Amino acid sequence: MKKRATTLAVCLFLTGAGGVASASVATVASGNLIENGSFDKDLSWWFIDGSTPPTWDSGTVHLGSADTQGISIFSQEFDPYLATSLMISFDYEWQSPVPESTDTFSVNLNYTYGTTTWSTRLFSQTSTESDIGTTVSFSDTITLLPLCPSIPHGYELAFSLNEATPENGSEVKIDNVEVNAVPLPAAGWLLGASLVGLLGLRNRKRR
Ligand SMILES: [Ca+2]
């Protein structure tokens, strides 16, 4: 009974603080939650997939290539710990030449609970919309569902390129992938502490 009360308090705390992104104090997790997001030496830590798998080149990862057709995918799972908001950023650059067909570059945030996966599209761009040869920095803050630490959960950041034809296929270069937890405001932690205290007190009185 006591264990259940404590778990409930932690979940309430997360719900109460959900979605607030502001100043200082209590950090949930510090630093980049993604491993090898700068692709210094290779593609280690990344899951590589698709009919035309990505390749490593000079400290960057490349989706697709000039003479391929198919899907190119790379992804990485991470644990947001107690974060309720994440700042996700990366740099991308469409390589020349201009593809003859319309190809699509997409980035998704996937959340798996049990056997169900939810997918949020963070970014999508076609080759005809692209600014070929220019490095563009993407950055966005995503509010997560309130997480209860006692429930298994998993997040995955996934990049993909869909190439329609092999004639002048697309190639997208990616670098500096970062996922950082947005710190909770101090008030959220105080609320959590007081809820745990209240539930603890109620438990003691029942005995
Ligand atoms: Ca790099």
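The legends below accompany several close-up views of one predicted model.

Local features are described where pLDDT is at least 70 and side-chain atom pairs count only at pLDDT 80 or more, while totals for chains, interfaces and linings use all residues. Residues are numbered from 1 along each chain as its sequence is written.

**View 1. The protein chain and its elements.** The protein chain holds two helices and 10 strands. Helices (H or I, at least four residues) and strands (E, at least two) are DSSP runs numbered from the N terminus. Along the sequence, the elements follow the pattern α-β-β-β-β-β-β-β-β-β-β-α. Of the 207 residues, 27% are buried; a residue is buried if 20 or more other C-beta atoms lie within 10 Å of its own, exposed if 12 or fewer, and partly exposed in between, with C-beta atoms placed from the backbone. Among contacts between residues at least 6 apart in sequence, 79% join residues at least 24 apart, a contact being a pair of residues whose C-beta atoms, placed from the backbone, lie within 7 Å.

**View 2. The open sheet with strand order 1-4-9-6-7.** Five strands form this sheet, and their pairing is antiparallel; two strands pair if DSSP finds at least two bridges between them. Strand 1 (47-49) and strand 7 (116-126) stand at the edges with a single partner strand each, so one side of each has no neighbour in the sheet. Neighbouring strands are turned by 20° against each other on average, direction ignored. Such angles run from 0 to 180 degrees between N-to-C directions, and axes are lines fitted to C-alpha atoms, for helices over the stretch in contact. Within the sheet, strand 6 (residues 104-113) and strand 9 (residues 154-163) are joined in the antiparallel sense over nine bridges. Asn110 faces Glu156 of strand 9.

**View 3. The open sheet with strand order 2-3-10-5-8.** This sheet also comprises five strands with antiparallel pairing. At its edges lie strand 2 (55-57) and strand 8 (136-143), each of which pairs on one side only. The twist from one strand to the next averages 35°. Strand 5 (residues 85-94) pairs with strand 8 in the antiparallel sense over eight bridges, and Phe90 stands opposite Phe138 of strand 8. Strand 5 also pairs with strand 10 in the antiparallel sense over eight bridges. Ile88 has a bridge partner in each of these strands: Asp140 in strand 8 and Val179 in strand 10.

**View 4. The surroundings of Val179.** Val179 belongs to strand 10 (residues 172-181). Val179 is buried because 23 other C-beta atoms lie within 10 Å. Apart from residues up to four places away in sequence, Val179 touches Asn32, Leu33, Ile34, Phe78, Leu86, Ile88 and Leu157. Asn32 and Val179 are 147 residues apart in sequence, yet their C-alpha atoms are 5.4 Å apart in space.

**View 5. The largest nonpolar core.** This core has 28 residues, of which Leu63, Leu86, Val172, Ile174 and Val179 touch the most other members. Strand 3 (60-63), strand 4 (70-78), strand 5, strand 6, strand 9 and strand 10 each supply at least two residues. A nonpolar core is a set of buried Ala, Val, Leu, Ile, Met, Phe, Trp, Tyr and Cys residues joined through C-beta atoms within 7 Å. Neighbours within four places in sequence aside, Leu63 contacts Pro54, Ser72, Phe105, Phe159, Leu161, Glu171, Val172 and Ile174.

Definitions and conventions. Contact = placed C-beta atoms within 7 Å.
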